[in-house]
Amino acid sequence: MTDDTLESVLTEQRLFEVPDQFAKQARISGMDQYFEMMKHAVEDYEGFWAEQARAEISWEIPFSEILDESNPPFYKWFSDGRLNVSYNCIDRHIEAGNGQRNAILWEGEPGDQRSLTYNELLDEVARLGNALKAYGVGKGDRVVIYMPMVPEAVAAMQACARIGAIHSVVFGGFSAEALKDRIEDATAKVVISADGGLRSGKTIPLKANVDQALEEGCDSVEHVVVLQRAENAIDWTEGRDVWFRDIMARESGDCPPEPVEAEHPLFILYTSGSTGKPKGVVHSSAGYLLGAAATMKWVFDIRPESDVFWCTADVGWITGHTYIAYGPTAVGATQVMYEGGPMYPEPDRLWAVAERTRTTVFYTAPTAIRALMKQGEEWPAKHDLSALRLLGSVGEPINPEAWMWYYRVIGGERCPIVDTWWQTETGAHMIAPLPGATALKPGSCTHPLPGIMADVVDEAGNSIDRAEDKGGLLIIRRPWPSMLRNVWGNEQRFIKTYWSYFPDQYLYLAGDSASRDADGYFWILGRMDDVINVSGHRMGTMEIESALVSHEKVAEAAVVGRPDEVKGNAIHAFVILKGSRGDQDLDHLRDDLRGHVAEKIGPIAKPDDIRFADGLPKTRSGKIMRRLLRAIASGEEITQDISTLEDESVIRQLQGKD
Ligand code: WT7
């Protein structure tokens, strides 16, 4: 956080009251209702959540225990209850007579379209579930899903949930090597993938990446299910590989949902941290489902019978898990799913899809808004966006300028914007407006949701008074149902990362710094660890450094974020070579290193800038001076004391001057 950010957020004065029209029909209308819910949660925390869990979830066996705090930080919710998540997301809507309602309105990048009703979704999920069972996948076994943005990806996730298998979706933009690490960490039995994925006019060789990952390891994998999507030529391993369409033709559409314990893991999702390899965040079945369903209603104000919801995230991220695969289906809504790039073939693609599908609630990331804003107002102006009634933002702080553009140009000044703060670990929205109740301030995620005890504290864990005009650490004081349960296979890391900052107190450490203004509004200021947010994607700087150092010519590397107008942060790498810089073709090496990082992690991790120097600035005790590197990367004047530096000439090199 810089003092400038703090200064600007604390001086933002604009307030947007809830439009009367919106408040009148909203599920939660008026702050009184919010305060009442919050009061209930404060006075009877367990009673509040039990009530929500009974209302939102159809239980196979009802729970009697609510929150088990006997072994912190390993909390359990509703633990003697049993349910099936896919039953909750599909069957119960069919039983209620809504089987003919569209679950997914899909559009492929080339323009092909497909819609699936809840009946049709069930059929696909059941056949896939039966195939997984035939391959010996049972309750608790892991399945990796590495797919493009197609309805079959949602079906694959739901099929795992149906039979009690644990899925781990790997974003299609990750490389073969990143895929291999994740398959091995999760010891998956089956991988579900596709011949290729289509994005921004390119074909991503998903199956080839799977083949490469499996060639280099992944001994646990017995079968690879392949969806034909991209007409992409692929290699085939007889006995191991199977076509998705053959499964659809062969298996029965009758696959009874397997009831599991409330705490049974629903999925693992890998996310970057400040150290080491990405960690597998483990989510539960009931608590997670509750978070997804409740926030669809509270924050997105969803009316399943009339709304068309569209979340533009990829299913490879938590946003796509909660607000594509599980949230919209849990409440029985109709959602839009789009396969390709937002600028393809032209910058009005999203607006064209929104117009065609009559999207009413639209959810995207600030980086996309900024990129589209740069293209000009003429693109959205070509389309009728009058069906929109609510807009959402997620992934990083939204700057007031982008907020205003989104509000005015896309929302026609009639749609509230819900700026939702949450994380892979929180499972669902945590701090966000209730659109029928909360007056909005551009750039603020406003207030914690009912039952979420978020706070901003000092180093000792004491609340920082509102309007004290200073930032602090964002924490959550009480366990909440959709919280992560563990780091897959690494309890110690779970404890250390989230629960060890404040000695003797179990306060969940989010890793963000935040401040609260005089009205109690929360403002997220940014990460406080070595994680950077690039286009709404979380990247560990250490992970990129390791990738760079694994190149034969690199001796040492330091990676920092530098502010970028569109991406939020750009990736800036400082690289020290083995041998002398003078002997190298540096431009060529730069390309080579970028390619190397893409191979190790994925194209999203490619450094935007690489600068070479003879050394890195370190303190006498040998610590890399990251703050100094951040200042150099963003071209700021250097105000740090550099007198402890061994060699000041490296500064000029790092600035690109020598
Ligand atoms: C980090 C979590 C869960 C959403 C997708 C990203 C940042 C997320 C906001 C917001 C300011 C935000 C935080 C957080 N973040 N939403 N509305 N305002 N910052 O999930 O990859 O787990 O990243 O994204 O820094 O810690 P993620």
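The model described here is predicted, with local features needing pLDDT of at least 70 and side-chain atom pairs counting only at pLDDT 80 or more, while totals for chains, interfaces and linings use all residues. Residues are numbered from 1 along each chain as its sequence is written, and side-chain values use heavy atoms, leaving out hydrogens and water.

The axes of helix 5 (residues 85–98) and helix 12 (residues 318–330) cross at roughly 50° and come within 9 Å. Axes here are lines fitted to C-alpha atoms, for helices over the stretch in contact, with angles from 0 to 180 degrees between N-to-C directions. Helices (H or I, at least four residues) and strands (E, at least two) are DSSP runs, numbered from the N terminus. On the helix 5 side, Val85, Asn88, Cys89, Arg92 and His93 meet Tyr326, Thr329 and Ala330 of helix 12 (contact means heavy atoms within 4.5 Å).

Turning to the strands, an open sheet of 4 strands runs in the order 21-22-24-25 with antiparallel pairing (two strands pair if DSSP finds at least two bridges between them). Strand 21 (454–457) and strand 25 (522–527) are the edge strands, each with a single partner, so one side of each has no neighbour in the sheet. From one strand to the next, the twist averages 45°. Strand 21 pairs with strand 22 (residues 472–476) in the antiparallel sense over 4 bridges, and Ala454 has Ile476 in strand 22 as its bridge partner.
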